[in-house]
Amino acid sequence: MDAGSSSIRPEDKKRKAQGPPESARPHGAKQSTASARYTLGKARSVDVVGFVEARAFEINALQRSLENARSAGNTRAFQTLPRHLRRRAASHNVKRLPARLREKALAEMKKSAQTSKALAGTDRLTNAQTSSRYKRRRARATREEYELRQAGKRWLETHVWHAKRMRMKELWGTMVAETPNERSHRAAYRAAKEKTYIQDVSYFNTLELTGSEEAIVDVLRPLLPPDGMTILMKPYATGARMAPLTLYRAGMYPLAALGPAMALWQPVSSTEQRKLWLRVHPANANAVKAELEQAVEDRSQLEDQSVRIADITCDLVSFELLGGQSTQLLATVLAQSTDLGACGASVLQLIRALPNPAVLPESVVIALQIHDPRLEFPFKADPAHASLSADEQQRLHEILLRWPVDAAILDRQQPSAGIWDREECAKSLARRQSEQALNQRRKQQLIPGMKLKPDPSIDVAVPLLLVRTGPEAQLGSRTGRMDRQYIDTLAHGWTLVAPRGWGMPLWMALNFAGARAQGLNECHHVGFEAGLPTFPANWPGTSAYNAWDGAAATAAYQKWMRRPPGKRVNYLKFGIESPFYAPFRQLLGLPGMPEAYPRISADDLECRMKRLRKVASKKKEAKANGQTSAGCALDSSFPAPPDYYSAFTDANVQRLAEVDCKAELDDPELKLLVPPPPPQSGTYSSFGRVWHVHDRLPTLAEQNIPQLYPEGPVDRVAELKRLNRSVIFEFLDLVDVLVKDPSQYTARTDRIRDVFVNIHHLINEYREHQAKETLKLMIQQQIDGKRQTTERILSKCQELEQTIERVKLEAADTGTELTAAIAGDADQADGTTHADTGQPERTHTVPDDGLARIIDAVHNLT
């Protein structure tokens with residue numbers, strides 16, 4: 001630094017930087033300085049909200065341009081939707097898209113139609129056929145067609161909704177959703193863990209036991225373990241909770257387990273009669289019902305009080321919701337209660353603030369009565385947890401410590417009201433307004449899109465039951481602290497039970513509120529992740545498990561057998577003795593094998609090379625022993641000669657002719673030359689096929705084919721007509737399966753084959769009668785033919801006799817002329833003499849025309 005700059009004081013530098021004082025500045029300079037200071041102050045404190053609001057248009061335009069640039073060239077309108085919202089054939093029908101995307105989709109369809117050669121010069125936008133005969137008649141015949149397709153099986157109320165989105169499978173006499181068409185295992189796990197997972201479990205059977213409490217307990221006592229009478233405990237006996245049970249065959253505890261069940265008492269009433277709902281899996285429902293009926297019959301012989309058993313499965317619908325947000329979703333959908341002051345409604349609004357249903361006590365019951373869910377449709381669940389006041393938090397704390405018993409009672413004065421009164425539920429369903437009536441009411445709203453308000457004069461109420469579902473339902477017993485350590489929280493949720501007829505309105509409301517629908521396979525995956533055994537797949541020792549595991553083992557075995565022998569896994573090489581099912585019976589030392597399991601021999605598990613070596617060794621052994629091996633059966637239409645053909649030599653044939661007693665031959669080669677005696681009974685094999693010595697029609701059971709008509713004497717004409725109709729029904733099912741799930745066509749074709757085999761078997765029973773009538777007809781034809789031949793011979797003989805007589809007459813006339821001619825010839829002899837006698841030689845001449853007539857007559861006869 002120089003000396004001049006170093007002598008300036010810091011105060012002078014600050015004054016110089018600030019400029020001259022305001023008094024020494026002109027008036028304009030003062031104003032500019034003030035505005036500069038104000039602007040600088042504003043710049044140091046920016047109002048973010050005001051800044052964004054002022055430039056909201058630019059920000060929105062930027063976002064729209066980014067979205068358009070992202071989806072302009074590589075995605076269509078329907079591809080912008082999430083996968084679970086996409087519909088089939090959405091590219092051909094804009095109505096399958098949300099309203100906000102229909103304009104864009106229509107523009108894309110018009111653009112595609114302009115460049116299409118097939119649509120050039122037409123007004124159509126797609127190649128889709130919209131005027132087929134099937135679609136024209138679909139509106140009139142949909143109900144009849146659905147009723148026809150339900151023959152032999154039961155459809156749930158949500159079947160049509162599931163059939164459009166999932167693969168359906170017939171299990172336990174019901175069409176059950178097996179798995180969604182899209183990949184959903186991870187999505188199902190996330191939904192059950194954090195959000196809401198929903199499954200239609202209306203296929204579960206519900207048995208209603210009506211009688212006195214003592215009588216119902218006596219009926220159930222033989223089916224329960226000695227220490228498993230949980231239904232008598234106070235929390236369960238009052239109907240406030242649903243009791244978990246494990247059922248056994250009567251008097252056979254701890255063997256012969258039937259499976260888990262859930263029991264719910266009707267809330268205590270002043271009458272002596274009570275009801276108990278027993279909720280069981282359909283895999284063991286028939287066995288449980290049979291045991292209960294037997295127990296009721298045994299008890300009725302000792303006491304007068306009887307218990308009535310009714311299957312009310314078709315009178316109820318039920319949905320299972322799992323996940324952390326299941327409580328909030330249910331509180332949102334079921335918030336429109338008819339009595340907001342009821343205990344159940346108030347409890348539901350309080351527990352919606354809980355982060356997870358696992359906090360609540362398990363198996364508790366909440367009774368509700370809500371308005372028609374279609375009035376407030378669609379619902380939108382609030383993802384954020386509800387905030388509670390101090391008083392509400394105190395009440396929630398008391399609920400968690402001691403669950404209110406009144407939550408399971410809809411009306412204290414009438415505990416049997418609500419869903420327990422099936423007659424009242426049926427009347428409410430009959431008075432329910434149709435969709436058309438609701439649409440007319442929506443059309444009359446002043447503001448379009450406004451939700452309808454409940455009108456008590458025309459709108460009916462829907463009684464519901466909410467049951468806190470948890471591990472107890474899968475285990476069939478109460479869970480302790482040790483069990484909870486190994487069970488994940490995703491096994492907790494709710495079971496919603498409603499009267500029949502309200503399945504689809506509640507299902508649509510829950511799905512639009514945010515629940516993710518899943519199938520039976522996802523239920524098994526969630527149970528596996530939760531560490532819980534799923535019935536019947538994880539309950540070995542029960543008859544339901546044997547049927548389930550046997551069917552799975554048979555399917556796995558058939559899939560393995562369909563592969564070429566060279567491509568199959570050689571399980572014997574890897575030391576796997578039971579590759580298709582778990583050998584629990586072998587591990588426990590139990591004899592026998594259930595009928596449902598496939599019968600697999602060691603030969604079936606061998607590879608092709610081992611099998612060929614085994615056949616070759618059998619052939620060599622048979623040749624050495626001089627016998628025919630069973631493994632060398634003649635299965636070809638032109639088989640090779642047997643192994644002992646080389647023994648038929650001229651020397652052996654001559655030696656055999658010299659033997660007097662052929663039954664005492666010692667030479668093995670000569671024994672081969674002696675033919676075996678013809679079989680007198682049983683069967684014999686020829687060209688690889690088994691034939692009966694006494695020809696008869698084998699039964700369907702001998703052919704391993706199910707008989708579809710009754711045993712004994714039947715009206716064959718009526719049965720043939722019935723089987724003909726069955727063929728038509730099965731063919732319609734096959735067409736439906738080919739449209740929805742072509743991979744399931746094998747079972748349908750097998751059914752059609754069984755029906756045709758039964759038809760042919762009934763027809764074959766007419767073969768004996770047909771053979772007799774055919775033989776009669778053939779004999780009659782032969783007799784008629786011989787008669788006609790005899791008549792022709794007789795007519796020819798008559799013609800021949802007449803011709804002979806005519807020839808005789810002509811011959812007589814010709815003979816007279818011949819005699820005269822001979823006499824004339826003698827007079828005109830030419831003087832020639834015979835060579836031996838020396839007499840003159842005479843020549844006789846026969847007229848040519850007479851001889852020609854004789855020859856023609858004989859020729860005509862022949």
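# Close-up views of a predicted protein model

Buried residues (under 20% relative accessible area, with exposed meaning over 50% and partly exposed in between, using a 1.4 Å probe and protein chains only) make up 33% of the 862 residues in this protein. This is a predicted model, where local features need pLDDT of at least 70, side-chain atom pairs count only at pLDDT 80 or more, and totals for chains, interfaces and linings use all residues. Residues are numbered from 1 along each chain as its sequence is written, and side-chain values use heavy atoms, leaving out hydrogens and water.

**View 1. How confident is the predictor, from helix H1 to strand E9?** The score to know here is pLDDT, the predictor's confidence in each residue, from 0 to 100. Its mean over the protein is 77, and 75% of the residues reach 70 or more. Helices (H or I, at least four residues) and strands (E, at least two) are DSSP runs, numbered from the N terminus; the protein has 31 helices and 15 strands. Among these elements, helix H1 (residues 3-6) has the lowest mean pLDDT, 42, while strand E9 (residues 316-322) has the highest, 93. Over residues 1-8 the pLDDT is below 50, and beyond near neighbours in sequence this stretch has 1 contact in the model. A contact, by the way, means heavy atoms within 4.5 Å. Residues 22-32 also stay under 50, with 8 contacts beyond four places in sequence.

**View 2. Arg751 pairs up with Glu170 in a salt bridge.** A salt bridge is a side-chain nitrogen of Lys or Arg within 4 Å of a carboxyl oxygen of Asp or Glu, and the count by this rule comes to 21. In this one, the closest N and O atoms are 3.0 Å apart. Arg751 sits in helix H29 (residues 745-764) and Glu170 in strand E1 (residues 166-171), so the pair links distant parts of the chain, 581 residues apart. Arg751 counts as partly exposed because its relative accessibility is 30%. Glu170 is partly exposed too, with a relative accessible area of 28%.

**View 3. Asp218 and Arg299 bring two helices into the picture.** Their closest N and O atoms are 3.6 Å apart in a salt bridge. Asp218 belongs to helix H10 (residues 213-220) and Arg299 to helix H12 (residues 285-300), 81 residues apart.

View 4. Asp754 is buried, with a relative accessible area of 14%, but Arg753 counts as partly exposed at 44%.

**View 5. Thr179 and what it touches.** Look for Thr179 in strand E2 (residues 174-180). It counts as buried because its relative accessibility is 6%. Leaving aside residues up to four places away in sequence, Thr179 touches Met166, Arg167, Ser184, Gly519, Asn521 and Glu522. The side chains of Thr179 and Glu522 are joined by a polar contact of 2.8 Å. (That term means a pair of N or O atoms within 3.5 Å; within protein, one must be able to donate a hydrogen and the other to accept it, and residues adjacent in sequence count only if both atoms are side-chain atoms.)

**View 6. Helix H20 is mostly covered.** Of the 10 residues in this helix (residues 503-512), 7 are buried. They are Gly503, Pro505, Leu506, Trp507, Ala509, Leu510 and Asn511. After H20 comes Gly514, with a positive phi near 130°.

View 7. Phe377 and Pro378 are joined by a cis peptide bond, with omega about 0°; Pro378 is in the loop between strand E10 (365-371) and helix H15 (390-401). The bond from Phe535 to Pro536 is cis as well, with omega near 0°. Now for positive phi in residues other than glycine: Trp172, in the loop between E1 and E2, has a phi near 55°. For Ser363, phi is near 70°. Ser363 lies in the loop between helix H14 (343-351) and E10, and it counts as buried because its relative accessibility is 1%.
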